[in-house]
Amino acid sequence: MKQANYLKGLRVLLAILFFIPILFFFVDFRVLMPVSVHSLLHLQIVPAILGGMLGILLLQFILVLVFGRIYCSVICPAGVFQDIINRLFCIGKKKKKGSRRFAYRKPMNYLRYILFGLIAALAVFGFIELLLALDPYSNFGRIASNLFRPTVVWINNILAGLLAKVDNYTLFHVSLTTATTAGLIGGGIALAVFIVMTIMRGRLFCNTLCPVGALLSLVSRYSLFRISIDREKCISCKLCEQSCKAEAINVKDLSIDNSRCVDCFNCVSSCKKDSIHYRFKPVFKKETEDIKKEAPIADTLTPNKPAVSSNTRRRFLATGATIAATLPAVSAAARSRNRFRGSKEKDVNPVTPPGSISLERFKDKCTGCHLCVVHCPSQVLYPTGLQFGLGYALKPHMAYIDSYCNYECTVCADVCPNQAIKLTSLDDKKTTQVGIAEFFLERCIVETENTDCGACSEHCPTQAVHMELYKEGSTLTVPVVEPELCVGCGGCESICPVRPDRAIIIKSNVVHQRVEKPAEEEVLDIEVDDFGF
Amino acid sequence: MKRRDFIKTGVAAGAALTLNFDGLQAALKSNNMVVEQVPDMVAVMGGEPEAMLDKALEELGGIGKFIKKGQKVVIKPNIGWDRKPELAANTNPGLVKALIKKCLDAGAEKVTVFDQTCDNWQRCYDNSGIAAAAKEAGAIVMPANEEKYFREVTIPNGVILKKAKIHEALVEADAWINMPILKNHGGAKLSCAMKNYMGIVWDRRFFHSNDLQQCIADICTWEKKPVLNIVDAYRIMHQNGPQGKSAADVATIKSLIASPNIIAVDTAALGMFNQVKKLDIAAVTHLGKGESLNLGSTDLKKINIKRVRM
């Protein structure tokens, strides 16, 4: 009677294929996974918008136009994560055969589209804070990197302790110095929101708060393939409605809110009468009266949309065109927007990672997913709190507390999903000056204690900090900084033993500068024939 | 003295006498009037690292003189920097490998290799080539990136440094071999056997803020001294040390110095270094400070040195 249905299985399989590598990538504190995994993240929509990656946005547009919001059930890690929470929540509920009962609810379209409009408008005027606070991808990143990663490290440390007893050091003890309070709070809030909203109302987050969900919903209501109910066969048993995480199926009038449907296909699997299908059913193909019932879902509320037209097809085309036009505009506007922001120049600016090009650019592009924080082998990137203002909250900054940026490393740029950190080559990194070392002789050990130190120069990869004779007749040497060689890696600052204020400190470049690589010295052919003693 | 002990001693003494007598006879037979004494220090020049190590150990009486069967051995190379072997920032990996093999051949229960690096430790271990070489030779490569791998010990003879956290592998070891590479150093002026001790301690910042040179000398007075100091001077870093910028900082002088005497070995290494770059011994104050702590003498005339050219 019932036809075999592979759609849900396929969706689950694809979701796993996306989710598992992304999850592991975010907790991969030993950097065991190949850097290429990060290309999965290129498909994420908010990073793509901020990165101005038009090709990806076009692809996503086509995907949602043809298939509906597959993105929300497969590609988006936060979406899949909510499905997992839902699943975990169902464990032990045997009476319902391990599934939950949802019921149709009216869409919260006012909230959804006003919020979306606000986010879009703010973003156009250069304030992307609200967008990032609600961006599903970076929220998932913050949960994974700030909560899951410490958990994994903790387990690793226990195992490492056990293995060390038998002289095996395949696993080794790791301290997470980059787990900051700000990161924990950011990840904790996101996790709490996801758990609470999922447990209460399924995919409510995706259909009210999520800017990506709202954006996709504008297109998905016109998608070519969609779920629809076969009136002839339906016996109104409500199994599909109860299985719908999006609360989008209304059995009462056999309608489905395709703006909220995330294509999970649970309904298709739930139906015993084979009366609910995912099939090619474009809106403009006016073949049944179903469409009229589906159509009047509020879509007049978004400021991005054109005037309402009674003609579905025209409206569809206009919406599509507007969205297509708005997206690049958002990213373009975000790029050149400083005049809207007011110049509240703070005294202290964060040192931004090499490849972020400038503080302003980085603020506009970085989603704060903390992937770079996870992968930085030197653990020099820290999730930021409010110390550099709200506009920099939860983005990574470099702090040379006890480590520094490795001269031979480009990992942060390699993993960044949207080129917020962008390096073309290792040489690019080696010639990028993120800040300049500033030396304070009055605090230096050599001056205050009259003893040798030189730790700063020792750690300087370019010898921008080098040692020169302190005083005539003394064998002591003091550091001297050559700013035109300094890349701002923080080697000097990280090792300087002076406290509370160190004697050498990196002052950030708000706009990164170019420096020359240290001149290649001639390799001398040194012959030594004697022992010399 | 118990009777049994008396007999034992007597037998042992008798055996010793017999052996000595054999040795003397052998010397007489070969018509060699000078009985070769084992040198205090051996310097080898002109060979490949592994061959020079062979030669030096042979001259010193073989590895078995220093490493006994069943001992837990630590070899402490310099792995401080994320640099390739050619840039002479870290000890030659081939040399480390050869020494590990010798220790294992001598019956060491296990050989552990570690260093508290300056750059990211995994990058240093990997890019120096030492982790791979050591594992190949059968050593345990141990991390030193976390304070939990270090244990506090007292340094009763230290002037400033009275206690330090030292890597547990070394605290537990029965014997260890100090295996530095000869380098110029911005702070300590010379980085060799004494300076290499800094990689066994956790808190280097204390050294830098409390008279680096004195602390280097102090840590060398820790009761567990290396049985041997083997200086890798195949490639040396004569400027921009200890990290170096490029191949221009490197001189290939194809040498190796080995001795249980740390001051002697560093003084000799400094002599070698001076042929490439001028460096006054007065500037390398940890040598003088070590001498006053009775770690050895900078006067090389007082010791028996064997110089070998290959």
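**The interface between chain A and chain B**

Across the interface of chain A and chain B in this predicted model, 25 residue pairs are found in polar contact, with both partners at pLDDT 80 or more. On the side of chain A that touches chain B, helix H22 (455-458) and helix H23 (491-495) each supply at least two residues, and by class that side consists of 22 nonpolar, 13 polar and 13 charged residues.

The contact as a whole draws 48 residues from chain A and 61 residues from chain B. The size of an interface is often expressed as the accessible area lost when the parts come together. For chain A and chain B the buried area is about 4,500 Å², with carbon and sulfur atoms giving 54% of that figure. Within chain A, the residues that lose the most area to chain B are A:Glu458, A:Phe531 and A:Phe533, which together account for 19% of what that side buries.

Turning to chain A itself, the chain contains 23 helices and 10 strands, and 58% of its 533 residues are buried. Among its contacts with a separation of 6 or more, 73% are between residues 24 or more positions apart. The accessible surface of chain A comes to about 23,300 Å², and carbon and sulfur atoms hold 62% of that surface.

Methods
Residues are numbered from 1 along each chain as its sequence is written. Chains are lettered from A and ligands numbered from 1 in the order in which they are written. This is a predicted model: local features need pLDDT of at least 70, side-chain atom pairs count only at pLDDT 80 or more; totals for chains, interfaces and linings use all residues. Side-chain values use heavy atoms; hydrogens and water are left out. Contact means heavy atoms within 4.5 Å. Buried area is the accessible area (1.4 Å probe) that two parts lose on being put together, summed over both. A polar contact is a pair of N or O atoms within 3.5 Å; within protein, one must be able to donate a hydrogen and the other to accept it, and residues adjacent in sequence count only if both atoms are side-chain atoms. Helices (H or I, at least four residues) and strands (E, at least two) are DSSP runs, numbered from the N terminus. Ala, Val, Leu, Ile, Met, Phe, Trp, Tyr, Cys and Pro count as nonpolar, Asp, Glu, Lys and Arg as charged, and the others, Gly among them, as polar. Buried means under 20% relative accessible area, exposed over 50%, partly exposed in between (1.4 Å probe, protein chains only). Accessible areas come from the Shrake-Rupley method with a 1.4 Å probe; for residues, only the protein chains shown count as cover.
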